[in-house]
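Subject: Structure handover

Hello,

Here is the structure I promised to pass on. Please open it and keep it in view while you read.

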Amino acid sequence: MRSAIRNTELIREDEAVLPVVSREVQYSFSVYEALRVINGHIVHLDDHLKRLAASCSDIGLVHCFSDRDIEMSLDRLIKADGIKDASVRIFIVGGPSPLLFITYTDLLSYPDSYYTDGVRASLYHGERFMPQAKTSNLLMQYIALEEAKRKGAFEALLVNREGEVLEGTRSNFYAIKGDKLFTAPDEKVLSGITRISVVKAASELGLDIVYTPPLASELLSFDSVFISATSMAAIPVSHIDGIEMNKARWPLILDIMKLVRQWE
C-alpha cells in the first residue's frame, strides 16, 4: 500500500479521501499541481509552488499550508516510500477547513515513437474557465479529451470563439513558421512550468517568440506544430482532425525537447 499526505501528515493512500458533503468539494473549489520526481529529486519545485500559490490567489482560496509545509511533506512522502521516479500531485481544497493532499503514481512517460512519429490531435471548440488558474474545474477538458480519444487522437486542442488554437486539454500548443515560434499569450492559457522551459529552449535555438495564437484555419501554413507538458516535454503533432501536418521542423522540436529534459 502506497503512502500519501493529508494536511502534512503521512497516511495510507486509501485514507486520502474527500468529504463528499463538503460544499467546496461539490463546487470544485480546489487547485492542484502535477510534478515529476526523478531519481528522488523533485523537478522545478519552487516554480510549481509559486504557481500553486498564484492559483489559490486567483480564486480566493485561503489555506494555512506554507511552502515549507508542502516541501517537508513531499520529502516525508518520498523518504517513507523510497520514491525514485514518480508523478506527484499536490491538491488543495478550500473552505472553512482547507485540505491538503499529496499523492503519487508511477512516472508518466510516453513511447519513443511519439517523439519520432508524432501524435494525432483533434480540435474542440471551447475555452478554459479562468485559464491562468490551475483548478480542478476540468469538465470541459475531460469531455474534449474523451471525444479526441474516440477519434483515435492523443490530445484535444481548444479553439476559442475567434478561431484561435490556444492550448490542449493537458498541454500547451505551439506552431513554427520560419524563424518564429507562435503560441498564445500567457493571459489566455495556463502557462505551464514546462512552457517556460520550451520558450527558453526555442529562443536559445534561434527562434523569435511571437505571442499570437495560431488560427485553426491556418494550421497547414506552419512548418510544424507541437505540444508540451510536464510529462511529455515537447511532442510533435503529426495530424489534426485527420489532416497531416507539416514535418519540416521536427528535428528542431526534438532539440527543444532535449533541452527541456536537460534542465530538469
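Below is what was found in it, topic by topic.

First, the ground rules. This is a predicted model, so local features need pLDDT of at least 70 and side-chain atom pairs count only at pLDDT 80 or more, while totals for chains, interfaces and linings use all residues. Residues are numbered from 1 along each chain as its sequence is written, and side-chain values use heavy atoms, with hydrogens and water left out.

**Two helices**

Start with α2, which covers residues 45–59. Helices here are DSSP runs of H or I with at least four residues, strands are runs of E with at least two, and both are numbered from the N terminus. α2 has 15 residues. From its first C-alpha to its last it reaches 22 Å, close to the 21 Å expected at 1.5 Å a residue. That expected span is 1.5 Å times one less than the number of residues.

Which residues of α2 are buried? They are Leu45, His48, Leu49, Arg51, Leu52, Ser55, Cys56 and Ile59. Buried means under 20% relative accessible area, exposed means over 50%, and partly exposed lies in between (1.4 Å probe, protein chains only). Look down the axis of α2: its buried residues fall within an arc of 165°, so they line one face of the helix. The arc is that of the directions from the helix axis to the C-beta atoms. The face turned away from the buried side of α2 carries the exposed residues Asp46, Lys50 and Ser57.

Now α3, residues 67–81. This helix has 15 residues and reaches 21 Å, close to the 21 Å expected. The buried residues of α3 are Ile70, Ser73, Leu74, Leu77 and Ile78. Down the axis of α3 they fall within an arc of 130°, so they line one face of the helix. Gly82 follows α3, and its phi is positive, near 60°.

Most residues other than glycine have a negative phi. Two residues are worth a look here. Ser28 is not a glycine, yet its phi is positive, about 55°. Ser28 sits in the loop between α1 (23–26) and β3 (30–38). Its relative accessibility is 30%, so Ser28 counts as partly exposed.

His44 also has a positive phi, near 55°. Where is His44 found? His44 lies in the loop between β4 (41–42) and α2. His44 is partly exposed, with a relative accessible area of 25%.

**Cysteines**

Cys56 is buried, at 4% relative accessibility. Cys64 is exposed, with a relative accessible area of 60%.

**Salt bridges**

Side chains of opposite charge can pair when their charged atoms come close. The rule for a salt bridge is a side-chain nitrogen of Lys or Arg within 4 Å of a carboxyl oxygen of Asp or Glu. By this rule the count is 14.

Here are some examples. Asp14 pairs with Arg12 at 2.7 Å, N to O. Asp14 is partly exposed at 41% relative accessibility, and Arg12 is partly exposed at 44%. Asp179 pairs with Lys180 at 3.6 Å, N to O. Lys180 is partly exposed, with a relative accessible area of 34%. Glu244 pairs with Lys247 at 3.5 Å, N to O.

**A nonpolar patch**

Leu139, Tyr142 and Ile143 make a nonpolar surface patch of about 340 Å². Patch residues have over 30% relative accessible area and no salt bridge; like charges are joined within 9 Å, and nonpolar side chains (Val, Leu, Ile, Met, Phe, Trp, Tyr) within 5 Å. Accessible areas come from the Shrake-Rupley method with a 1.4 Å probe, and for residues only the protein chains shown count as cover. Tyr142 belongs to helix α5 (residues 139–150). Tyr142 is exposed, with a relative accessible area of 55%.

Best wishes
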